[in-house]
Structures are given as structure tokens and as C-alpha cells.
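Subject: Structure handover

Hello,

Here is the structure I said I would pass on. My notes follow it.

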Amino acid sequence: MAGRHFTAASGTFKPRSPALFLLLALLALTLLFYIFSSISTSSNSTGNLISSRNPNSGIDYSFVSSLEKFLTKSPRSATAGEDTVSGTTSVEDARKLDDSIWKNENQRLYDEPFYPAFSPLKVYVYEMPAKFTYDLLWLFHNTYKETSNLTSNGSPVHRLIEQHSIDYWLWADLIAPESERLLKNVVRVYKQEEADLFYIPFFTTISFFLMEKQQCKALYREALKWVMDQPAWNRSEGRDHILPVHHPWSFKSVRKFMKKAIWLLPDMDSTGNWYKPGQVYLEKDLILPYVANLDLCDAKCLSSSRRTTLLFFRGRLKRNAGGKIRAKLVEELRGADGVSIEEGTAGEGGKEAAQVGMRKSIFCLNPAGDTPSSARLFDAIVSGCIPIIVSDELELPFEGILDYRKIALFVSSSDALQPGWLLSFLKSVSGAQIKEMQANLAKYARHFLYSHPAQPLGPEDLVWRMMAGKLVNIKLHTRRSQRVVKGSRSLCTCECRSPNATSPGPLS
């Protein structure tokens with residue numbers, strides 16, 4: 001009966017205390033609320049996790065798709081920011097900015113306990129005229145569907161631009177509303193005196209491939225003058241300026257005038273074919289991964305893939321400079337059991353063939369091309385195919401953070417060309433090591449997927465983590481250059497010129 005309870009000892013009912021009943025009811029309601037809250041939180045966390053992996057969750061990994069949305073939301077042209085200078089500046093302008101920067105840095109030094117080591121990077125993004133930014137993005141957008149232009153060596157022009165579109169991905173993240181950004185290790189500032197670094201948003205690769213030669217060179221000269229007229233550039237001679245020149249041909253006619261800037265590069269060719277001595281070195285510049293041509297082989301894909309081919313390669317077999325090794329490797333490997341060698345380019349048909357081939361293979365051959373690196377390495381990583389790197393001069397992106405020995409095997413050119421050596425080496429790799437490297441590939445793939453919005457631990461994030469490691473030296477050389485006597489023997493460049501020797505190393 002309501003309001004009563006049975007006492008076993010006496011066999012009779014006694015009235016229940018109303019206060020006790022109320023207390024028990026409140027406890028029950030509290031328990032139910034806690035249970036439903038936990039379920040809801042768990043569901044939301046799972047939903048967020050699924051959303052972050054779901055290609056339909058609002059994250060764009062496609063350059064074309066992301067660019068379409070970006071141009072729809074963004075204005076066609078930009079207006080100059082309050083600190084941007086449109087004409088020639090004087091020494092006095094640079095001096096005034098230097099004083100303002102010193103005051104800001106001095107305050108941060110005393111207010112922020114770990115400055116500059118563990119503070120978010122503050123980046124000033126130049127508001128350049130539209131002809132250097134939006135107009136070039138529109139040029140790509142308006143031509144990529146109608147053209148099948150090829151470069152002189154047979155590569156699809158627009159596909160090459162996508163491979164080197166790191167300038168778009170970084171810029172799109174930096175200028176996005178702060179409420180939409182996920183990266184917390186870099187913030188955009190709107191006053192130059194607050195900046196640690198300055199970003200130059202000029203699309204050098206699009207202009208190189210889609211404009212007439214003389215028109216492109218004229219635009220390069222205009223961009224050079226525009227940047228060099230800025231007080232911040234004159235203050236540091238560009239040492240704290242970030243210049244995206246990810247294709248080795250881009251900005252080539254004028255970049256010697258900006259050699260003190262931080263270049264964002266695909267690699268560091270030491271032959272002198274692409275970069276002159278003293279233009280690029282690891283302490284100053286940063287290696288960024290190509291944008292992968294192939295789709296991510298996710299956990300489901302990896303578990304269902306039947307890798308029956310030992311070694312796979314698809315690409316052009318005849319290359320220049322260090323890439324001449326390709327033809328020699330093909331001659332050595334062609335016809336061997338478990339080896340698939342295909343000639344092809346990066347068009348749509350080539351993409352499908354490469355994706356099928358890499359997903360069926362345990363190892364993917366990555367020899368040097370015209371330059372030490374190629375997009376093929378990153379295609380192999382996102383496909384779960386262990387890269388076999390035969391490129392003695394190769395420099396790798398984010399190597400201060402990532403250990404490539406856990407996901408790839410490095411083979412010197414001299415070893416790879418010995419008859420029978422490479423296949424014997426690959427067959428000696430244990431099944432346990434293969435499984436371990438494949439598991440590491442699945443973890444590492446996220447570090448090479450450009451996206452919008454940029455994701456934590458994605459390539460955009462790792463760019464700024466690497467930049468943070470350079471910041472103290474950038475400030476050191478900037479200040480040092482301002483007081484050292486010009487032409488004195490105390491000039492210091494801190495170039496890293498030591499040769500890069502490659503060997504396979506131990507298998508375990």
C-alpha cells in the first residue's frame with residue numbers, strides 16, 4: 001500500500017516518513033539524471049569521433065571541392081589591412097615598426113612565463129591585391145574543367161597545381177573566422193607589431209602554370225616589389241616572412257631576391273638544378289608534403305585489402321637528373337615474381353590504376369624523380385603501402401616530429417642497383433615487421449591529409465609546430481643582422497650543407 005512498508009520482524013505495516021520518501025525520490029532523480037547525462041555525453045563523443053572520420057562530416061579533403069566553397073563564401077577581392085602599405089616605405093617606417101615590435105615582445109617576455117617557446121605563434125597575413133590571391137584562385141576554378149593541358153613532360157597541369165596547393169590550405173585556415181578554426185597553436189593577428197611571423201599569400205604555382213610566360217614573370221616582379229615595400233620586410237630583410245614556393249619552378253625568376261625568407265618547399269635539391277647554393281637549407285626553410293593524389297585507405301579499407309603484390313611502381317620511367325635511376329631500377333626489376341611495374345601519369349585513369357595497385361601491394365617503390373621527392377611517397381602512405389625510398393638526397397617533411405623509419409624502408413641507390421639485392425632485401429623483412437609498419441602507416445596517414453577546416457595533427461598543424469621550433473633562431477638572426485657591420489666576417493648563415501647519406505639500416 002502506498003505510504004506504508006512491511007516490517008518482517010513484526011509482520012505489520014508501519015507508516016513511512018514523508019521526509020525520507022522525499023529524500024529517496026530526490027536521490028533517484030539525481031541518479032537518473034547522471035545516467036542519462038553520461039549516455040548523452042558518450043553519444044556526443046562517439047558522434048564527434050565518427051564525424052571527424054566521416055568524409056561527409058563537413059571536412060573537405062579535396063582541393064577542388066574546398067576551393068568551390070571558399071570562393072562562394074569569400075569576396076572576390078581583398079582590401080588592404082590597416083597595417084598594409086601600398087607604396088614605397090622609408091627606413092623611418094621600418095624603424096618605427098621595429099620599436100613597436102620590441103615593446104610588444106618585451107611585454108610578452110615578462111607577462112608570458114614560457115614565451116617564446118610554448119606560446120601560440122602569432123602570424124600576420126598580408127592583405128595582398130586580388131591579382132596575387134583571389135584572381136589566381138578564380139583562374140584555376142574557371143579553367144580546370146575545360147582543359148586537359150599537359151606540361152612539357154606530360155603531366156596534367158591542373159593536377160600538378162593540386163599536388164602543390166599547400167599555399168591554399170595554409171591561407172584558407174589562417175584567414176578563416178577564429179570561431180571556425182580548430183588549430184590553437186597559431187593565431188592570426190591584425191597588427192604587424194604583434195606578429196612573430198608574416199605570411200605572404202601569393203599563389204606562385206597557379207600563376208606559373210596558367211599564365212603566359214611573360215605575363216607570369218611580370219606578375220612575379222610586381223609581387224616582389226609589393227612585398228619588399230612593406231616595413232616589416234625591410235626591418236628583417238624577410239627573415240620572419242613565410243613564402244610558399246612549393247613547386248620548384250615557381251617564382252624562380254625573382255626568388256633570389258627573397259632568399260632570406262622562410263621558403264615552404266617540397267624538398268631541397270642539392271644538384272643546383274632547382275635551387276642555387278645558399279638559397280635553401282633546413283635551418284631556415286621548411287619541407288611540406290605534397291597533396292596526395294589518392295584517396296585515404298581507412299581502417300575498413302586496410303582490413304579488407306588483400307596485398308598479394310610484393311612491390312609496386314606506377315609512373316613515368318624516364319626522368320632527368322637524379323631520376324635517371326628509375327630506368328635502371330625498372331631494368332633490374334621488370335619481370336620478377338611479385339613485382340608490378342607500370343608506365344603512367346597522374347590523370348584520372350592514372351589515379352585509379354595507382355590506387356588499385358598500391359592497395360594490392362605490400363611495398364611501393366619510391367625512387368627519385370626530376371627532384372629528390374615526389375607525390376608518390378604520400379600516395380603510398382595514405383594507401384597503407386610501405387614506401388621503399390631510393391632517393392639519396394631526399395629531405396622529408398616534419399622530420400623533427402615524425403620518425404619515417406617506422407613507416408618506410410630506406411635503400412641507397414648503390415644497393416638498389418646491385419643485381420637481385422633489392423628483392424632479397426624485401427623478402428627478408430619479417431611478417432611481424434610488415435604488420436607493425438602497416439599499423440604505423442594507418443596512424444601516420446592523418447599527418448599528410450590537408451583539409452578545411454585544418455585538423456589537429458594534420459599537415460597544417462605540423463607546419464606551425466615546426467615553425468615554433470625555428471622562432472628563436474629567426475629572432476636571433478633578425479636582431480643580429482640589425483647590429484652587425486655589413487660586410488664583416490662575422491656574417492653567419494647557419495647553413496646545413498652536410499651530404500645526406502642513405503642506408504637501409506637494421507630490420508628490427
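A residue counts as buried when its relative accessible area is under 20%, and as exposed when that area is over 50%. Please keep in mind that this is a predicted model.

By that cut-off, Asn-440 is buried, because its relative accessible area is 15%. Asn-440 sits in helix α16, which covers residues 431-444. Once its neighbours within four places in sequence are set aside, Asn-440 is in contact with Lys-406 and Ile-407.

For the chain as a whole, the secondary structure amounts to 17 helices and 13 strands. The chain has 508 residues, and 48% of them are buried. Of the contacts between residues at least 6 apart in sequence, 73% join residues at least 24 apart.

Next, the cysteines. A disulfide is a covalent bond between the sulfur atoms of two cysteines. In this chain the count is 2 disulfides. With the bonded cysteines counted along the chain, their pattern is 1-2, 3-4.

The link of Cys-297 and Cys-301 is left-handed, at -90° about the S-S bond. Are these two cysteines buried or exposed? Cys-297 has 4% relative accessibility and therefore counts as buried. Cys-301 has 13%, so Cys-301 is buried as well.

The other disulfide joins Cys-364 to Cys-385, where the sulfur atoms are 2.1 Å apart. The link of Cys-364 and Cys-385 is right-handed, at 105° about the S-S bond. This pair links distant parts of the chain, 21 residues apart. Cys-364 belongs to strand β11 (residues 361-367), whereas Cys-385 lies in the loop between α13 (376-383) and β12 (386-390). Cys-364 is buried, because its relative accessible area is 0%. Cys-385 also counts as buried, with a relative accessibility of 0%.

Finally, Cys-216 has a relative accessible area of 4%, so Cys-216 is buried too.

Regards

Terms used: Residues are numbered from 1 along each chain as its sequence is written. This is a predicted model: local features need pLDDT of at least 70, side-chain atom pairs count only at pLDDT 80 or more; totals for chains, interfaces and linings use all residues. Side-chain values use heavy atoms; hydrogens and water are left out. Helices (H or I, at least four residues) and strands (E, at least two) are DSSP runs, numbered from the N terminus. Buried means under 20% relative accessible area, exposed over 50%, partly exposed in between (1.4 Å probe, protein chains only). Contact means heavy atoms within 4.5 Å. A disulfide is a pair of cysteine sulfur atoms within 2.5 Å.
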